[in-house]
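Please read these notes with the model open beside you. They are numbered so that each point can be checked in turn.

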Protein chains: 2
Amino acid sequence: METLPKVLLIVGYKKVGKTTLIEKLIPELSNRGYRVGTVKHHHSDFPASFDTAGTDTWRHRQAGASSVALATPTDFAMFRDNESSISLDEIVSALGATDIVLVEGFHDEPRAKIEVLSDPNNEPICKTDSHLLAIVTPRARQATVPIFAPSHIKSLADFIEREILTVT
Amino acid sequence: METLPKVLLIVGYKKVGKTTLIEKLIPELSNRGYRVGTVKHHHSDFPASFDTAGTDTWRHRQAGASSVALATPTDFAMFRDNESSISLDEIVSALGATDIVLVEGFHDEPRAKIEVLSDPNNEPICKTDSHLLAIVTPRARQATVPIFAPSHIKSLADFIEREILTVT
């Protein structure tokens, strides 16, 4: 068994630039030799177009299967009944061989996290969370954790390497 | 850790009734107290509507993530790059708590399998496969394994309980 990848939550209010930050971190970390996985969290169901009436997976669900998966050589989708929701640990382990998984959302999880704050005058969601490692925000502000500007991706990647990737 | 579920492949030529058989087996096995998971195998990519340009997961992929997941409390989808295809073992373990996983496809896997044969005059795909446990076909034919009619779901479920579910 390979060891489980490191997990870093990218948290913050809506539309503060979480996806954009992840988009910049992926190539920066990949170029340093790390295999990067990502997880996007949605509260709602999947787009209805995916598991529509009449498909084989839909028929399996209708027949009462507790979990239904659709798999191609590289893609995989799974639906579970409401009694067995999927944990972040399960998702991370399903991602396979990666060194670090950047997770958008799941801010309640007790995991290392970086908060994106588009307005530096706002209070961070995770202000009192002991797992908050850093804040990404465009202007300096008082904080108990390091602050990075969104444009300083190299410094942030250095920090992630030091604080997460090389920590055993 | 829970023990891994039993796996039964339902194989056969195209349009012989594999999904219909699975649809009938799910409630029959569920009523006997088993949690049933299912896997549908596709050779092609997912419907394009699922991971379309502009979505956050698409942006993660474009940025070079090796694996990208989209998760809701009960649904989960994952895309991997072509270098790390997903094995049936990984899919089965991602399905979570189930007693038996009925898999449509993957007929090359060295796993217990039942072949559906709509025309009893055809030769089974898995004729010489030592993992073939039974054939489901509408009329008697010569075979080295037990034959079940598609309508005899209870007998087939008895057989699956005896040969797969209660075998340690």
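1. B:Lys15 sits in the loop between strand 1 (6–11) and helix 1 of chain B; helices (H or I, at least four residues) and strands (E, at least two) are DSSP runs numbered from the N terminus. Its phi is near 55°, a positive value in a residue other than glycine. Most residues other than glycine have a negative phi. B:Lys15 counts as exposed because its relative accessibility is 83%; buried means under 20% relative accessible area, exposed over 50%, and partly exposed in between (1.4 Å probe, protein chains only).

2. This is a predicted model, in which local features need pLDDT of at least 70 and side-chain atom pairs count only at pLDDT 80 or more, while totals for chains, interfaces and linings use all residues. Residues are numbered from 1 along each chain as its sequence is written, chains are lettered from A and ligands numbered from 1 in the order in which they are written, and side-chain values use heavy atoms, with hydrogens and water left out.

3. A:Phe106 also deserves a look: this residue is not a glycine, yet its phi is positive, at about 55°. A:Phe106 lies in the loop between strand 5 and strand 6 (113–116) of chain A. Is A:Phe106 buried or exposed? With a relative accessible area of 15%, A:Phe106 is buried.

4. Chain A holds four helices and eight strands, and from the N terminus on their order is β-α-β-α-β-β-α-β-β-β-β-α. Of its 168 residues, 49% count as buried. The C-alpha atoms of chain A fill a box of roughly 55 × 35 × 25 Å, taken along the principal axes. Contact means heavy atoms within 4.5 Å; among contacts in chain A between residues at least 6 apart in sequence, 54% join residues at least 24 apart.

5. Two strands pair if DSSP finds at least two bridges between them. Strand 1 (residues 6–11) of chain A pairs with strand 5 of chain A in the parallel sense over five bridges, and A:Leu8 stands opposite A:Leu102. Strand 2 (residues 36–41) of chain A also pairs with strand 5 in the parallel sense over five bridges, with A:Thr38 opposite A:Leu102.

6. A:Glu104, in strand 5 of chain A, counts as buried because its relative accessibility is 5%. Its side chain makes a polar contact of 2.7 Å with that of A:Thr19. A polar contact is a pair of N or O atoms within 3.5 Å; within protein, one must be able to donate a hydrogen and the other to accept it, and residues adjacent in sequence count only if both atoms are side-chain atoms. Leaving aside neighbours within four places in sequence, A:Glu104 is in contact with residues including A:Lys18, A:His41, B:Asp56 and B:His60.

7. Between the chains, 57 residues of chain B are in contact with 57 residues of chain A. The area buried between them is about 4,900 Å², of which carbon and sulfur atoms give 57%; buried area is the accessible area (1.4 Å probe) that two parts lose on being put together, summed over both. There are 30 residue pairs in polar contact between the chains (both at pLDDT 80 or more). On the side of chain B that touches chain A, helix 1 of chain B gives the largest share, seven residues.

8. Strand 4 (residues 75–80) of chain A and strand 4 of chain B run antiparallel and are joined by five bridges. In this pairing, A:Ala77 stands opposite B:Ala77.

9. B:Ser67, in strand 3 of chain B, counts as buried at 1% relative accessibility. Its side chain reaches the backbone oxygen of A:Leu95 at 3.0 Å. Not counting residues up to four places away in sequence, B:Ser67 touches residues of both chains, among them A:Val36, A:Thr98 and B:Phe79.
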